Amino acid sequence: MKGTKGGDPRGVAVLVVPGDVPRGLTALPVDSEFESHGGEEVTVIGFPRVPAVPWAVTSGTVTGQEGEYLVFSGAASEGNSGGPILLNGKVIGVVTEVLAQHGYAVPIPILRLALRGWGVSLEATPKAARRLPEEKGEKEQRPRQITGKDGAPMVLIPAGEFIIGSRDDDKSADNDERPAHSVYLDGFYIDQYEVTTSRYGEFFQETNRPAPAFWSEQVLKQHGRKPVVGVHWNDAAAYCSWAGKRLPTEAEWEKAARGTDQRLYPWGNTVPNQQLANYNRGFEFKNYEVLTDVGSFEGGKSPYGAYDMAGNVWEWTADWYDESYYRTSPERNPKGPSSGEYRVLRGGSWGNESDSVRSAHRNWLTPSKRYVNIGFRCARDVPK
């Protein structure tokens, strides 16, 4: 799991051992309720720097919290990275980095949430690492990829929690991306690629719907694998329905784009470049020339294998837009406000700079508008 502090990536690798705790090891209880008020005296356990010493055990003090991290001071050395921080015999966090005068640790609630994203439950007083029944069944029984009625491949987004929105330390974030908060989503499938001109052409010809804006006879001949643009929200919703699917909710879209570790972009926290996404290409459309074929950026795909979720075209979602929705949204399967004036767009486009292609960035538009930088992809529920 990774986070960012001051622009530098920090993370911790966690080894999960399913089944009974291995013989000779002690299972430490965890404290998910801990909130630092500053000044708590803790014990930090880490790997030794002196071969004759079995463990590095040092004392320290929690000085507060920066973003998602606990901050502690003390005599801990680099060898403590990956070790637990204990308060009154319970683990309150796991060390990620130790600097000269202080260190950072991931709090247990964040660690618990990351593990749930992989289908693992962290027990308060563990006897074993327990697989969540729903996650286990889904991973064993549900294929990771299916093909939709329209012939488009779809990838599985497993059920579970993730944190939607932007962290307090993300200086690029807008106010409508806060507060970051945990939501639970049922499992679903999402199109691996944006809907292409060739697939959309089959749809509007079969259903006798009008062609998209900015369409010409040359589009299918020259740009069949590029994402369709010039479609309004009702066009996108109609296509998804025709294909036996639906538009993804805003929360579903964000989880599919960034996974469960709060990364800034589908590929991680690295600033975008032209090998990761089609973005920052100016303002001239040039009859589809500025777009790239879907799936062109292998390094830019999401943790679940979805492509082009940053750049290429903005994507319609199912939700109405509300600037303050994150303050009141439900904890399970949020679907946005019941009504509104604008629909939510996600992902950024070929003409946007790096801030707008962040996975948490929210945009909105009147649903009747058709522009050269707006397309979509579809989703569908996992069958019960």
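Angles of 65 to 115 degrees count as roughly perpendicular, a cut-off that helps with the first view of this predicted model.

**View 1. Helices α3 and α5 cross at about 85°.** Here α3 (residues 197-207) packs against α5 (residues 233-242), with 11 Å between the axes. The two helices are therefore roughly perpendicular to each other. On the α3 side, the contact comes from Arg199, Tyr200, Glu202, Phe203, Glu206 and Thr207, while α5 brings in Asp235, Ala238, Tyr239 and Trp242. Sorted by class, that's five nonpolar, four charged and one polar residue.

**View 2. Asp191 and Lys245 pair up in a salt bridge.** The N to O distance is 2.7 Å. Asp191 sits in strand β16 (residues 188-191) and Lys245 in the loop between α5 and α6, so the bridge ties together parts 54 residues apart in sequence. Both Asp191 and Lys245 are buried.

**View 3. Arg263 meets Asp261 in a salt bridge.** The side chains come together at 3.0 Å, N to O. Buried means under 20% relative accessible area. Arg263 counts as buried because its relative accessibility is 17%, and Asp261 counts as buried because its value is 19%. For the overall tally, the structure holds 17 salt bridges.

Conventions
Residues numbered from 1 in each chain as written. Predicted model: local features only at pLDDT ≥ 70, side-chain atom pairs only at ≥ 80, totals over all residues. Heavy atoms only, no water. Axes fitted to C-alpha atoms, helices over the stretch in contact; angles between N-to-C directions. Helix = DSSP H or I, 4+ residues; strand = E, 2+ residues; numbered from the N terminus. Parallel < 35°, antiparallel > 145°, perpendicular 65-115°, else oblique. Contact = heavy atoms within 4.5 Å. Nonpolar A, V, L, I, M, F, W, Y, C, P; charged D, E, K, R; others polar. Salt bridge = Lys/Arg side-chain N within 4 Å of Asp/Glu carboxyl O. Buried < 20%, exposed > 50% of the residue type's maximum accessible area, 1.4 Å probe, protein only.
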